[in-house]
Amino acid sequence: MNEREAREYIQSLEGRGMVFGLETMQALMHGLGDPQNQLKFIHIAGTNGKGSVLAYLSTILKEAGYKTGRYCSPALFCEEEKIQINEQNIPKEIAAQGITEIRRVIEALQIMPTVFEVETALAFWYFQREGCDIVVLETGLGGDLDATNIVTTTICSIITSISLDHRQILGNTLAEIASHKAGIIKPNTPVVLLKQSEEVRQVIMQRCKEQNAELIEADGDAARILFGTLRRQVIFYKEYEKLYSHLLGVFQKDNIAIAIETVKQLEKLGYPVTEQQLRDGISHTRWRGRMELICNHPLVFMDGAHNPDGAYKLKKSLEQYFAGDKCHFIIGVLADKDYPAMLEILLPKAKDVIAITPHNKRALPAEKLKETIKKINPMIKVKVASDIEEAWNDAVKKDEVIVVCGSLSFLGELERCVDRWKEQKNV
């Protein structure tokens, strides 16, 4: 298949939606020769923070000279960005080669994998083909039944912040959700857990005990932000002073704590990283769509907050930078998210809101979003825009702080709108 045919084939699988369980994935990978068994993984699960931790770790390991694969989702700007080696996207022509091989196995075995399973298989195939020293791997959803969890050569597991999300699938309590995330923990393999609620901690501790896995807690409370600007933050963590991060938001200190504790474990496992390599890795890390400043005049932030915990972190970050000031919001959400709870958190920070409908089959219509906003705050001004470009063109007239959030699904489209606007204005 060529590049176009490969993409069309992937799109033809979208009707399967989400299917949980490892049987199909195991059959598919076995048909490919189980390339994942020849790789070493750092496996990350959690509700929020997975992407930032992945970005920090993969950049640190790259700085240390390791050929580092990273696999994450969803994509913001192009599909190839989900699969990277040393921060370079998988080339389209190589992706097409991989999809051709994967399709051959699918048809030979007469199995029906999901899009996520095929993309995960492609990642494993590519990382093994290119001889990666180590792969930083993010779960798609949950942990135990996620397609990524067929890996058996994990050298370190990470559990980031856990909060209520995907409740219809993972459960209605933190303990239930944590039990799914804990499914990535492998026998005799260290686990780095962000210190959080005792309810979560007890579940992870029990799983570690069952697997004879050492538990290491990354203490976000031991990290502190010395000062922060709209360009970078200076963070202290234990013996590490003056760590410079270009990722914004008050909770990046938690993600840096996780990354540092993981690096310490990797050193014990034969993957040495010098302090300067760690510092350079943190400083050079970039992660798109998370409290990201994409325009200076006016100030425009885009953030992928799509659940209550993400909304809370976004609000706290805005309070860090703008104290009592309110912002103009552009919000679009998916209908299967707890958007009423998200809005309860964010609206006190909003001067007004433009509601949009993301281009996603799970999207909540903008009119329905407007109704929910008005129920929460009848006094706030809410406008419905037909698309993100109309919302942007309206918001930018106000020349004040603009925050775009609610889903990762439309952030790539937003950036293209902003880029066109900058070209027109010669900004």
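Colleague: Which helix is Glu-261 found in?

Modeller: This is a predicted model, where local features need pLDDT of at least 70, side-chain atom pairs count only at pLDDT 80 or more, and totals for chains, interfaces and linings use all residues. Helices (DSSP runs of H or I, at least four residues) and strands (runs of E, at least two) are numbered from the N terminus. On that numbering, Glu-261 is found in helix α9.

Colleague: Is Glu-261 buried or exposed?

Modeller: We compare relative accessible area with set limits: buried is under 20%, exposed is over 50%, and partly exposed is in between (1.4 Å probe, protein chains only). Glu-261 has a relative accessibility of 5%, so it counts as buried.

Colleague: Which residue forms a salt bridge with Glu-261?

Modeller: A salt bridge needs a side-chain nitrogen of Lys or Arg within 4 Å of a carboxyl oxygen of Asp or Glu. Here the closest N and O atoms are 3.0 Å apart, and the partner of Glu-261 is Lys-238.

Colleague: How many residues apart are Glu-261 and Lys-238?

Modeller: Glu-261 sits in helix α9 (residues 252–268), whereas Lys-238 lies in the loop between β10 (233–237) and β11 (240–245). This pair therefore links distant parts of the chain, and Lys-238 is partly exposed at 46%. The separation between Glu-261 and Lys-238 is 23 residues.

Colleague: How far apart in sequence are the parts tied together by Glu-415 and Arg-288?

Modeller: The side chains of these two meet in a salt bridge, with N to O at 2.2 Å. Glu-415 belongs to helix α15 (residues 411–425) and Arg-288 to the loop between α10 (275–284) and β12 (292–295), so the parts they tie together are apart in sequence by 127 residues.

Colleague: Which helix holds both Lys-316 and Glu-319?

Modeller: Lys-316 and Glu-319 form a salt bridge, their closest N and O atoms being 3.8 Å apart. Lys-316 is partly exposed at 31%, and Glu-319 is partly exposed at 28%. They are three residues apart, about one turn of the helix, and both lie in α11.

Colleague: At roughly what angle do the axes of α11 and α12 cross?

Modeller: Axes are lines fitted to C-alpha atoms, for helices over the stretch in contact, and angles run from 0 to 180 degrees between N-to-C directions. The axes of α11 (residues 308–322) and α12 (residues 339–346) come within 8 Å and cross at roughly 15 degrees.

Colleague: How many residues in the contact of α11 with α12 are nonpolar?

Modeller: Contact means heavy atoms within 4.5 Å. From α11, Pro-308, Ala-311, Tyr-312, Leu-314 and Lys-315 meet Ala-341, Met-342, Ile-345 and Leu-346 of α12. Ala, Val, Leu, Ile, Met, Phe, Trp, Tyr, Cys and Pro count as nonpolar, Asp, Glu, Lys and Arg as charged, and the others, Gly among them, as polar. This contact has one charged residue and no polar ones, and its nonpolar count is eight.

Colleague: Which residues of α5 make the contact with α2?

Modeller: The axes of α2 (residues 23–31) and α5 (residues 115–129) come within 10 Å and cross at roughly 35 degrees. On the α2 side, the contact uses Thr-24, Met-25, Leu-28 and Met-29; on the α5 side, it uses Glu-117, Thr-120, Ala-121 and Phe-124.

Definitions and conventions. Residues are numbered from 1 along each chain as its sequence is written. Side-chain values use heavy atoms; hydrogens and water are left out.
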